[in-house]
Amino acid sequence: MLLSNYPAGLVPGDAEVGDFNRDGKLDLAVANLVSGDVTILLGNGDGTFRSSRSFPVNGLVPGCMRVADLTANDRLDLVTTNTGSATVSVLMGNGDGTFQPARTYPVGLAPQCLAIGDLNGDGKPDVVAGSAASNVVSVLLNNGDGTFRAGPDQPPALLPFTPDLGDFARRGALDLTVGEVGTSRVAVRRGNRDGTFGPPTTYPVGLDPWWVTASDLLNNGKVDLFVANGLSGSLSVLLGNGDGTFQPAVTY
C-alpha cells in the first residue's frame, strides 16, 4: 500500500471530509491544535490531494470539527470546538474551497465535541456542544444566515463529552445522546422540538465513554448507539428499540 503524506498545520487533530469546492470530488479538512487553524486539502478524485491552504480560528485551538451546509446555499461550512476556551467557531464556506473569517460563539467551558442537526424544526441546522468542565450541553440555534443565537444550556446527567443526535423514537424530532466521562454510562434525552431536551435516561456501558455515535447499524430504521470507552479499552453497542429506548449494551 502506497502511503502519501500531506502537509497540514501544527499538531493536526480532528479531520472531516466534504466537497468544499463543489467539483464532485471529496476534499479534506483538518483541525490543527497548536497552529490554531483549519487546513483544507482539495481532492483530485483519485485518493490524492492538492496543496493545502489554512484558515485561522480567531487565535483559538480547534479540537473537534463538523461539516454542514448551515445556510442551504450548497456551500459546506465548518464548525469547531475550541479547546481551552468556552467557545465554538463557525467558518462559512465560499464554495470554492476557501472560507470566510471565523466567528466565535460562547458555550460551556472547554467544549470537547459537537453535533449538528435541526433541533427546533425550522429546517436550519443547529449546534450542540458538550462540556464536561462546566457540566452542560450548550445549544446554538441557527438564524439561517450563518449566525447563531444561544439556546438554553441543557444540564446532562453528568460530565458530557461527545454528544450526538438522532431520531431515536421515529417521531420526526432529534434526540440527544452523550457519553459521561469518568462513569460507565451514556445519557439519552428526548428532544422537545424547540432546542430543549427532556430529562436523561442513562444506560450502562464500559468505563469512561468518551465517544458516542448514533447510527442505524442494522439498517432496520432504528437508531442504535456505538460507544467507545476510554479507560476500559472497549466498545459498547446499544441497539435501538425504535421508541426512544435502547437494549442493554453488548461490550467488546
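A polar contact is a pair of N or O atoms within 3.5 Å, where, within protein, one atom must be able to donate a hydrogen and the other to accept it. In this predicted model, the side chain of D37 makes such a contact with the side chain of N32, at 2.8 Å. Side chains of opposite charge can pair when their charged atoms come close, and the count of salt bridges here comes to four.

- Because R66 lies in strand β5 (residues 62-68) while D14 lies in strand β1 (residues 12-18), the pair ties together parts that are 52 residues apart in sequence.
- R66 counts as buried because its relative accessibility is 18%, and the limit for buried is under 20%. E16, with a relative accessible area of 21%, is partly exposed.
- Taken together, D14, E16 and R66 are linked in a network of salt bridges.

**The pair R185 and E180**

- Another of the salt bridges is the one in which the side chains of R185 and E180 meet, with 2.4 Å from N to O.

**D37, a buried charge without a salt bridge**

- D37 is found in strand β3, which covers residues 37-43.
- Although D37 is buried, it has no salt bridge, and the nearest side chain of opposite charge, that of R53, is 10 Å away. A salt bridge requires the nitrogen and the carboxyl oxygen to be within 4 Å.
- Besides the polar contact with N32, the side chain of D37 is joined to the side chain of S35 by a polar contact of 2.8 Å.
- When neighbours within four places in sequence are left aside, D37 is in contact with several residues, among them G9, V30, A31, N32 and S54. The contacts of D37 also include F55, P56, V57 and P62.

Terms used: Residues numbered from 1 in each chain as written. Predicted model: local features only at pLDDT ≥ 70, side-chain atom pairs only at ≥ 80, totals over all residues. Heavy atoms only, no water. Helix = DSSP H or I, 4+ residues; strand = E, 2+ residues; numbered from the N terminus. Buried < 20%, exposed > 50% of the residue type's maximum accessible area, 1.4 Å probe, protein only. Lys, Arg positive; Asp, Glu negative; His and termini not counted. Contact = heavy atoms within 4.5 Å.
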